[in-house]
Amino acid sequence: MSTAKQEGSGGKLHRREVVKILLADRGGMLVVAGLGAPAWDATEAGDHPLTLPLWGGMGGAAMIGLGLAIAQPDRRVLVLTGDGEMLMGLGSLATIGARGTRNLAVVVLDNERYGETGMQATHTAYGVDLAAVARACGFAACTTVTTMDEVARLRGDVHTAAGPLFAQVKVDADKLPLVLPPRDATHLKNRLREALLGPKAHF
Amino acid sequence: MSRDWPRGLYQVLKDQGVRQVSVVPDAGHMELIRLCESDSRMELVRLTTEEEGVALAMGAWLGGDKSVLLTQSSGIGNCINMLAMLAVSQTPLTMLVTMRGDWGEFNPWQVPMGRATRPVLEEMGVLVSRANRADEVVPLAEGALRIAYNTFRPTALLIGQRLLGAKTFED
């Protein structure tokens with residue numbers, strides 16, 4: 001893997017390379033991918049029945065992860081989302097921090113942009129530090145990630161560290177080809193429930 | 001029965017197997033919140049805003065848990081866009097909504113959202129029922145939960161201010 005491929009044109013991390021590492025050998029991990037680029041990134045890494053890619057519900061990704069993590073305490077739950085989506089649901093960081101949940105990780109792919117609407121700057125472009133917010137909300141571990149070595153370490157922590165875990169991964173703002181997941185929400189919901197719960201998912 | 005409906009509601013939640021209870025507090029839900037909080041087999045999730053409870057319900061159901069959202073009617077306004085997710089994915093949730101801005105309301109700021117609560121929910125695909133008397137609350141809640149979890153859709157029970165007692169701001 002060349003260094004050039006791991007970086008975007010702005011010299012920060014390449015979001016699809018980051019997600020590929022985070023989702024490698026995912027085992028039974030449950031994944032919620034926030035709307036927009038994180039959903040496309042997760043799909044390029046491999047559409048999977050245990051992934052819920054979102055096409056809406058902006059601001060809700062972390063809370064979906066919390067509901068899943070409470071329902072499935074023996075599974076790891078990873079929320080992969082964008083900075084704009086996370087900013088819309090900042091209160092959910094307080095909710096998760098106040099409650100505490102050992103098996104939940106929230107990873108924000110922070111390109112400092114609203115990527116689907118014309119790459120307008122988000123608050124993180126003006127210095128809002130999401131990892132500091134998560135830390136102040138009581139997350140057990142919070143980190144800002146800027147190198148692929150740290151991404152590899154983060155992948156391990158997502159599977160094993162006592163959460164709630166929060167990571168803000170600084171990625172480039174390149175506009176990448178769309179890799180779209182299925183968009184029938186009932187299908188996405190049912191396939192995840194069936195893969196997780198077996199036949200009783202339908203009763 | 002009259003003031004005992006919170007305990008009846010709690011028993012319905014237990015009987016229907018509800019595990020995750022999310023809440024932005026309201027005085028009308030005080031007793032039910034206390035009962036759920038002290039039940040080690042229920043997971044009480046305190047929210048900063050009600051739409052978090054809608055998203056939580058999505059995750060809960062994906063993971064096999066039934067959930068309810070306890071909210072005041074003003075909180076329904078905070079849920080509108082998130083409710084689209086439940087409608088489009090046929091995901092169940094029952095919302096137990098204590099009304100403000102109707103019978104005997106003192107605070108004018110509560111009235112617009114109180115009036116809008118039912119139409120907003122219905123426009124977002126939620127099946128709505130309403131209890132006007134204390135003895136209706138428990139059976140209507142049971143029905144709302146059954147419809148939600150047997151037919152895979154969000155439902156709401158509005159608990160009228162007349163049975164809750166309007167806040168007077170005198171105490």
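1. Two residues are taken to be in contact if their C-beta atoms, placed from the backbone, lie within 7 Å. By that rule, and leaving aside neighbours within four places in sequence, Ala61(A) is in contact with Val32(A), Gly34(A), Leu54(A), Val79(A), Thr81(A) and Glu85(A). The C-alpha atoms of Ala61(A) and Thr81(A) are separated by 7.1 Å, although the two residues are 20 apart along the chain.

2. The model is predicted: local features need pLDDT of at least 70, side-chain atom pairs count only at pLDDT 80 or more, and totals for chains, interfaces and linings use all residues. Residues are numbered from 1 along each chain as its sequence is written, while chains are lettered from A and ligands numbered from 1 in the order in which they are written.

3. Ala61(A) lies in helix α4 of chain A. Helices (H or I, at least four residues) and strands (E, at least two) are DSSP runs, numbered from the N terminus. A residue is buried if 20 or more other C-beta atoms lie within 10 Å of its own, exposed if 12 or fewer, and partly exposed in between, with C-beta atoms placed from the backbone. Ala61(A) counts as buried because it has 31 C-beta neighbours inside 10 Å.

4. Chain A contains 9 helices and 8 strands. Its radius of gyration is 16 Å, close to the 17 Å that the globule rule gives for 203 residues, so chain A is as compact as a globular protein of that length. The radius is taken over C-alpha atoms, and the globule rule is 2.2 Å times the number of residues to the power 0.38. The C-alpha atoms of chain A fill a box of roughly 50 × 35 × 30 Å along the principal axes. Of the 203 residues, 47% are buried. Among contacts in chain A with a separation of 6 or more, 71% are between residues 24 or more positions apart.

5. Chain A has an open sheet of 6 strands in the order β2-β1-β3-β4-β8-β7, with parallel pairing. Two strands pair if DSSP finds at least two bridges between them. At the edges stand β2 (51-53) and β7 (141-145) of chain A, each with a single partner strand, so one side of each is left without a neighbour in the sheet. On average, neighbouring strands are turned by 15° against each other, direction ignored.

6. Some pairings within this sheet can be given residue by residue. β1(A) pairs with β3(A) in the parallel sense over 4 bridges, and Val32(A) stands opposite Val79(A) in β3(A). β1(A) is also joined to β2(A) by 3 bridges, again running parallel, with Ala33(A) opposite Pro53(A) in β2(A). Strand β4 (residues 104-110) of chain A runs parallel to β8 (residues 165-170) of chain A, with 6 bridges between them; Leu109(A) stands opposite Val169(A) in β8(A).

7. Which residues of β1(A) point one way and which the other? Leu30(A) and Val32(A) point one way, Val31(A) and Ala33(A) the other, and all are buried. α4(A) lies across β1, β2, β3 and β4 of chain A, running at about 175° to β3(A). Axes here are lines fitted to C-alpha atoms, for helices over the stretch in contact, and angles run from 0 to 180 degrees between N-to-C directions.

8. The contact between the chains takes 27 residues from chain A and 27 residues from chain B. On the side of chain A that touches chain B, α4 (61-71), α6 (90-99) and α9 (185-197) of chain A each supply at least two residues. α4(A) gives the most, with 8 residues. By class, that side has 13 nonpolar, 11 polar and 3 charged residues. Ala, Val, Leu, Ile, Met, Phe, Trp, Tyr, Cys and Pro count as nonpolar, Asp, Glu, Lys and Arg as charged, and the others, Gly among them, as polar.

9. Chain B has 8 helices and 6 strands, in the pattern α-β-α-β-α-β-α-α-β-α-β-α-β-α along the sequence. The radius of gyration of chain B is 15 Å, close to the 16 Å that the globule rule gives for 171 residues, so chain B is as compact as a globular protein of that length. Of those 171 residues, 50% count as buried.

10. In helix α1 (residues 5-15) of chain B, the buried residues are Trp5(B), Leu9(B), Tyr10(B), Val12(B) and Leu13(B). Seen down the axis of α1(B), they fall within an arc of 160°, so they line one face of the helix. The arc is that of the directions from the helix axis to the C-beta atoms. β1 (18-23), α2 (30-37) and α7 (134-151) of chain B are among the elements that cover these residues.
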